[in-house]
Amino acid sequence: MSHTPAAPASLDALEVLAQLIAIDSVNSDLVPGGAGESAIADWCAAWLTDHGLEVTRLETRAGHPSLVAIARGTGGGATLLLNGHLDTVGVAGYDGDPFSGARETVDDAERVVGRGAFDTKSGVAAVIGAAARALADGALRGDAVLTLVADEEFGSNGTLETLAHLAATGVRPAAGIVVEPSALELTVAHRGFAWFTVEFAGVAAHGSMPEQGVDAIAAAGAFLRGLDDMRAELASTPPHPLLGHGTVRVSTISGGTDEATVADRCVLTVERRTLPGDDLDAVEQQLHDLAASAVARVPGALGAVRRQVARAAFAVEPDSAIVATVAEQVERALGRPARLRGEPFWTDARLVQEAGIPCVVIGADGGGAHADLEWADAASVVALTDVIEGTIRQVCR
């Protein structure tokens, strides 16, 4: 059962992580009836205030608060943004207590288990622990600005809200880190995504006399064949070195009323995963053109495409200053060169980048994101905290 413990005095990232896991923060937009982020935001605000950070709570959407917390330097140094999300996906079907935060040993390696352990309360624990440590000795000139956000798992409203607040208050970070699971590798690129509703309208008629109707499903079938051609075209282009090819697929389809009636309506949702440099308006236009071609094959049919949401892909130059700094800290902490990677999924790093803040993504090792058993590798959480603390000290000195 979830509970909200008192904030501990310890700066131990694993203790902090266990406390965070114990708080139910299932995104209520994603899972109706979910707890939302209020309790975990309360806990983090108390912990950060107790450790000397200046905390502002933002909550334009009730039940979905985000925090902006500043580890204030003495002045004259650069500002570093640290972004992590407070919400998790749901716990239905979870194997065991999703809020245990227990430590267990598997194959001689210690794990911390529970919903959000990997994605990404381990990252939040590392960020708040690192910032508090860096602040404690008074050596920072610049500010470390933490944005602990709601709603990353659904609409990214928390990151949008905190970035707007920073812009309105004149805070201009020189660089940023977004924490997401990455096995302590540096994510320097990830795909974008766009979701579309594609609707075809026809005319109902008795199934024995289909010539008297207009079959919306037939138009959808023509559209699906066009998507096959689009998929083949995407696969024929040179792949991105870290992300491979863009993709397109149908997520849902619904049409028709019964076995004996020509369908007068068929609705599809289409997901398009994009690469850095892809133009989202051009991506949408391709689907409009495809729908127009499909209805041209079914006289009398109508087609419409509506964009639900679209987020561009992310890429940062591997030789940029923030990548070089974090890579240096990874090598120091792990004793080996940092590895670069790309991700097929989307993160809030793109929104940070669009706000004019060069950033990189890094997070703990583990597994089970969105799955029925989630865990974070304990040693990687400790190392991540060290990496982030070192980056704060280097950027904000």
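Biologist: Which residue forms a salt bridge with R103?

Modeller: Keep in mind that this is a predicted model. In it, the closest N and O atoms of the pair are 3.7 Å apart, and a salt bridge needs them within 4 Å. R103 is partly exposed, with a relative accessible area of 42%. Its partner is E110.

Biologist: And how many salt bridges does the structure hold?

Modeller: Side chains of opposite charge can pair when their charged atoms come close. For the structure, the count is 20.

Biologist: How many residues apart in sequence are the parts that R393 and D137 tie together?

Modeller: The side chains of R393 and D137 meet in a salt bridge, 2.9 Å from N to O. R393 sits in helix α9 (residues 378-395), while D137 is in the loop between α3 (117-136) and β6 (144-149), so the pair links parts whose separation in sequence is 256 residues.

Biologist: Which residues are linked with R393 and D137 in a network of salt bridges?

Modeller: R393 and D137 already pair with each other at 2.9 Å, N to O. Both are partly exposed, R393 at 27% and D137 at 46%. The network also takes in R133 and E389.

Biologist: Now R307 and E284: is E284 buried or exposed?

Modeller: These two side chains meet in a salt bridge at 2.7 Å, N to O. R307 lies in strand β12 (residues 302-311) and E284 in helix α6 (residues 280-296), so the pair ties together parts 23 residues apart in sequence. R307 counts as partly exposed at 28%. E284 has 16% relative accessibility, and under 20% is the cut-off, so E284 counts as buried.

Biologist: On to the open sheet: which strands stand at its edges?

Modeller: The order is β4-β5-β17-β16, with antiparallel pairing. An edge strand has a single partner, so one side of it is left without a neighbour in the sheet. That picks out β4 (103-106) and β16 (366-367).

Biologist: Which residue in β17 stands opposite G367?

Modeller: β16 pairs with strand β17 (residues 375-377) in the antiparallel sense, over 2 bridges. Across from G367 stands W375.

Biologist: Last one: at about what angle to β17 does α9 run?

Modeller: Two helices lie across strands of this sheet. α3 lies across β5 (109-113), β16 and β17, at about 50° to β17. α9 lies across β5 and β17, and its angle to β17 is about 65°.

Definitions and conventions
Residues numbered from 1 in each chain as written. Predicted model: local features only at pLDDT ≥ 70, side-chain atom pairs only at ≥ 80, totals over all residues. Heavy atoms only, no water. Buried < 20%, exposed > 50% of the residue type's maximum accessible area, 1.4 Å probe, protein only. Helix = DSSP H or I, 4+ residues; strand = E, 2+ residues; numbered from the N terminus. Pairing = 2+ DSSP bridges. Contact = heavy atoms within 4.5 Å. Axes fitted to C-alpha atoms, helices over the stretch in contact; angles between N-to-C directions.
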